[in-house]
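Open the model in your viewer and keep the selection tool at hand. We will go stop by stop.

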Amino acid sequence: MRYSLGFIPFSLGDFLYAAFIILLIFWLARRIRQRFKSPKMWIPDALASLSIIYFCFHLFWGFNYYRLPLHQSLEIENNYTTKKLIKLSESLIEKSNEIHSKLAKNDSAKVEYDFTKKELFDITIEGYEHIQKEFPELAYNGEALKRSLFSIPLTYMGFNGYLNPLTNEAQVNTIIIPYKIPTTASHEIGHQLGFAKENEANFIACLVTMNHPNLYFRYSGYTFALSYCLSEVYKRQPEKVKELTAKLHPGILKNYREVDEFWLKHQNPFEPLFQATYNRYLIVNNQSDGMKSYSYVVALLVNYFDDSRNSF
Ligand SMILES: [Zn+2]
């Protein structure tokens, strides 16, 4: 799919979705006009169409949800002590501060990303070229990383990006703060490489960006990993988070705050509905914790970096 659709500059998947929605509206209008007459005709028709979509979904994508969990293929534990979590958070803070000092004017200035969207995409792909030397399974060939045509609706639905299960194109919501694009684009490519689960794609995104040759991408990566660790520390020892964030450069907190403010600005009454629908989708597709499984990324991070071979 990637080789055949990658060269099309726009997202064909987005077009398909739009066509599907338009067809559905026409179909419903006709059913209503005909007062749902002759159900023997339209019910089998509708079921046949749905089953083709369902079949394609599984054939092209859905089976990836049943892969061996990443901690098993990396041969690491999926549990960790609070002590280890705090130790990793401290190392991430140190490293994030170090990179921040090189990129920002001073400790309390946020890091500015002066890149075009295209540059951010190209550099994301460079990150995969770089990491495949160490992890051949992360080799990214047949690139199909695209801007979503639906960035505005995605923003109101609360999504950074998505992978189209029918075309395998990775769509990035390009309205989001540029600081978030390196990890988001890397996350979507992670999905394309078959890491279907959210937490695993997040871990892959951390791995690729934290090892990136570009310092801005490393900054996005380290602070992304750190944000997961801090929210996990908060669940276990809320008072410890204050102590930890006090060590963090205020400029890093400004980058975090900018992201929060972006999402707050686009909050709307329908967003929880989309998020709940996506949560249901994850549960149906063998991710029993739904969106909560996002924090499993911390287990992967702690145990991966706990291994002496991978320390930074
Ligand atoms: Zn995802």
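Which residues are buried in H6? Select residues 117-131 to look at helix H6. Leu120, Phe121, Ile123, Thr124, Ile125, Gly127, Tyr128 and Ile131 are the buried ones. Buried means under 20% relative accessible area, exposed means over 50%, and partly exposed lies in between (1.4 Å probe, protein chains only). Helices (H or I, at least four residues) and strands (E, at least two) are DSSP runs, numbered from the N terminus.

A note before moving on. This is a predicted model, where local features need pLDDT of at least 70, side-chain atom pairs count only at pLDDT 80 or more, and totals for chains, interfaces and linings use all residues. Residues are numbered from 1 along each chain as its sequence is written, and side-chain values use heavy atoms, leaving out hydrogens and water.

**Around H6**

Now show the partners of H6. Its buried residues pack against strand E1 (145-147), strand E3 (170-172), H8, helix H9 (198-210) and helix H10 (215-236). Contact here means heavy atoms within 4.5 Å. Next, check the length of H6. Its 15 residues should span 21 Å at 1.5 Å a residue, and the end C-alpha atoms are 22 Å apart, which agrees. The expected span is 1.5 Å times one less than the number of residues.

Now color helix H8, residues 181-192. His187 and His191 are four residues apart there, so about one helical turn separates them. His187 is buried at 8% relative accessible area. His191 is buried too, at 4%.

**Helix H10**

Move to H10. Its 22 residues reach 31 Å from first C-alpha to last, close to the 32 Å expected. Zoom in on Asn214, which caps the N-terminal end of H10. A side-chain oxygen of Asn214 lies 2.7 Å from the backbone nitrogen of Tyr216.

Definitions and conventions:
A polar contact is a pair of N or O atoms within 3.5 Å; within protein, one must be able to donate a hydrogen and the other to accept it, and residues adjacent in sequence count only if both atoms are side-chain atoms.
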